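Dear colleague,

Please find below the structure that I am handing over to you. I would ask you to keep it open while you read the notes that come after it.

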Amino acid sequence: MTTRTEAPPAAGAATDLPYRALLLVTLVPAALLLAAVVRLPWAGDLGMHAAVVERLRADPLHPGHPLVDADVPSPYYSPWMVLLALLAAATGASALAVLHLAALAGLVALGTGVRAFVRTLTGRRAAVPLALLCVLFLYGTRLFAWSGVPGLTSLALTVAYPSTLALGLALHLWALLRRAVGERWGTVRFLGLGLLLAVVLLVHQFTGAVAVLGVVSVLLGARPLPVRAVWLRVGAGVLLAGAALAAWPYYPFTALSGADGLEAIHRPLYQHLVSKFCLVALGLVALGARCRRDRRDPLVLLFALGAAVFAAGGLTGHWSWGRILPAVLLPAQLALAVEAAGRTGRRAGPLLAGATAAALLAGAYVQAGAVAYALPARAARFVRAHVPSIAPWPSFAWAAGRVPAGETVMTDDYHALRMLPAYGPYTVAPAYPDVFLTDERERRAVTRRYYAPSATRAQRLGALREYGARWVLQRDGGPGLSPDDPALRRAARGPGGLMLLEVER
C-alpha cells in the first residue's frame, strides 16, 4: 500500500496552473521574509524568546524564570531554545544574534514542511507554490498577526519564534506519517515519529495541539485504514512521545493542562472573525469538493477537528483554545491550492483559478505593509503612513546598556516589560501570565503600589525593597518617586520622556 496522491495531469494540459509563473510570484514574499530574517523586526514576544536564550546561556541547568528573578520552571525552556543557548554560549553571540539563525531555521522548516505535506496530497507541481501563497495571503480584509498563524505580516514578525519552527516540523510530521502508514514502515521509524511529535509539543505547546489533531486526521484519513500492525507501531510511537514529555527536565509538561490566566490575552482571537478570515471561505469550497469525493479526506478531518475545538473555546469562554486556529486555516488554504492546481473541467478549472487569484491579490493588498520590513527606516515610515501595517517597537538599548544582567528593574511600561529581559535584566512583574510563577499576583500588586498616584514615599520604597529592584523606569512627571528623591540617581533618559533611575544602595 502506498500513500495516495492525485495523479498529475497530462503534459501540456491547459488547465494546469503555470508552475514557473507561480514560482516567480512566490519569490516576492520569500524575499520579504528573508529581509525579515536579517532585520528581525521587534514587535510582540521577541524579547521573551531572547530572554529565554539569555537565561539558558547564563545557567543551562538552573535558568530560573526568564523574566523575573525567581527559581521556577518555565514552559519556554524547550529543546530548541536549549540548543540555541548552547550555540550562543559556544560562539559568544548575543541572544538576539542567535535568534536570526532561529528565524532562518523556522522559515526553512515551514517552507519545506508545506512542500512535503502538499506533495503527499497531489503530484501537481503547481500546488506547492500555490499552497505557499495561500498560506501567506489567504486570510481576510483586516490585518491580523499572531504567533503560529503564518500570514505574511504575522510571519515577518514571528519568524524567529519557536511556533514557526514547530509548525514547520508539524507539517513534516504529517507528511512522514502519511508515508509511514502507506508504506507500512517498521517500528523503529514510528518511534522516530513519536519523538518528533514530542519535540513539536515541547517546542510550542499550542502548535503541538495542532500537530496532534493533524496526526489523528492523517491516521483516520488513510485509505485503506491502517492494519492492526500499523496501529501497534503508532501506539509505540505515542508511548515514546509521552515518555519523552514526562522526562523533559526543564518543566513538568502535564502541569500545563491546568494553566489558567491565559484566557484574557487570547480573547482577540474570537473577535472580528469575518473581517480577519473572510477570504478563507474560498478554501471551504475546496474542502467541500474534497469531502464529496472522500469523507475521510485528511484535510477535511483536520478542519472539522480544528473547527470543533475553536468553537468549543468560544462557547465556553476558554479563549486560549483559539490557538488551535492553524488547524482551521491550514486545511482550507492547502485544499484550495490542491484543488485549484488540479481542476481539469472546462468551466470549474478557470473559474476556481480566477477566484483563487482574486482572493490572493486581495490578501496581498491587505498585507502590503509588510514590505516596510525590508526597507530602510525612512522608506518604511512612508509605507506605513499610507498602508495598514504593524510598526516595530522602539528600542530599549539605551536603558538595557546601563543595567547589569541579573539585576531587577521596576517598571510598568508595556514595551519595557517585554523588551528589557532580552538584554539580561529582570523586571519585578512579568509581562505574561505564568502557571509556574506562584507569586505573580503579588508582583503585579507591588508594581501597581509603586506607581499608584496616592502612594506615599515609604510605600514606594517598600515596593522597591520587596523584590530587590535596583533600577526604576518611569516617565518624567509620571507616578513614582521623584527623580530628585535622595533614594534615586538619574542614569539615562530615553524617548517619550522615559527615564532610567538607579536605586541608591
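This is a predicted model: local features need pLDDT of at least 70, side-chain atom pairs count only at pLDDT 80 or more; totals for chains, interfaces and linings use all residues.

Residues are numbered from 1 along each chain as its sequence is written, and side-chain values use heavy atoms, with hydrogens and water left out.

I begin with helix H14, which runs over residues 298–316. Helices here are DSSP runs (H or I, at least four residues), numbered from the N terminus. H14 has 19 residues and spans 27 Å from its first C-alpha to its last, close to the expected 27 Å; the expected span is 1.5 Å times one less than the number of residues. Its buried residues (under 20% relative accessible area, 1.4 Å probe, protein chains only) include Leu 299, Phe 310 and Gly 313. The buried residues of H14 pack against several helices, among them H4 (95–121), H7 (162–183) and H15 (326–342).

Glu 54 is found in helix H2 (residues 46–58) and is buried, at a relative accessible area of 15%. Beyond its neighbours within four places in sequence, Glu 54 is in contact (heavy atoms within 4.5 Å) with Ala 95, Ala 422 and Gly 424. Ala 264, in helix H11 (residues 263–266), is exposed (over 50%), with a relative accessible area of 63%.

How many disulfides does the structure hold? There are 0, a disulfide being a pair of cysteine sulfur atoms within 2.5 Å. For Cys 278, the nearest cysteine sulfur is that of Cys 134, 14 Å away.

Finally, the structure holds 4 cavities of 30 Å³ or more. A cavity is a set of points, on a 1 Å grid over the protein atoms alone, where a 1.4 Å probe fits but cannot get out; lining residues have an atom within 4 Å of a point. The second largest cavity has about 70 Å³ of space, and its lining includes Phe 137, Arg 142 and Lys 276.

Yours sincerely

Definitions and conventions. On a 1 Å grid over the protein atoms alone, a cavity is a set of points where a 1.4 Å probe fits but cannot get out, and a pocket is an open set with protein on both sides within 12 Å along at least five of seven lines; lining residues have an atom within 4 Å of a point. Grid points are joined across faces, edges and corners, and a volume is the space filled by probe spheres set on the points. Helices (H or I, at least four residues) and strands (E, at least two) are DSSP runs, numbered from the N terminus.
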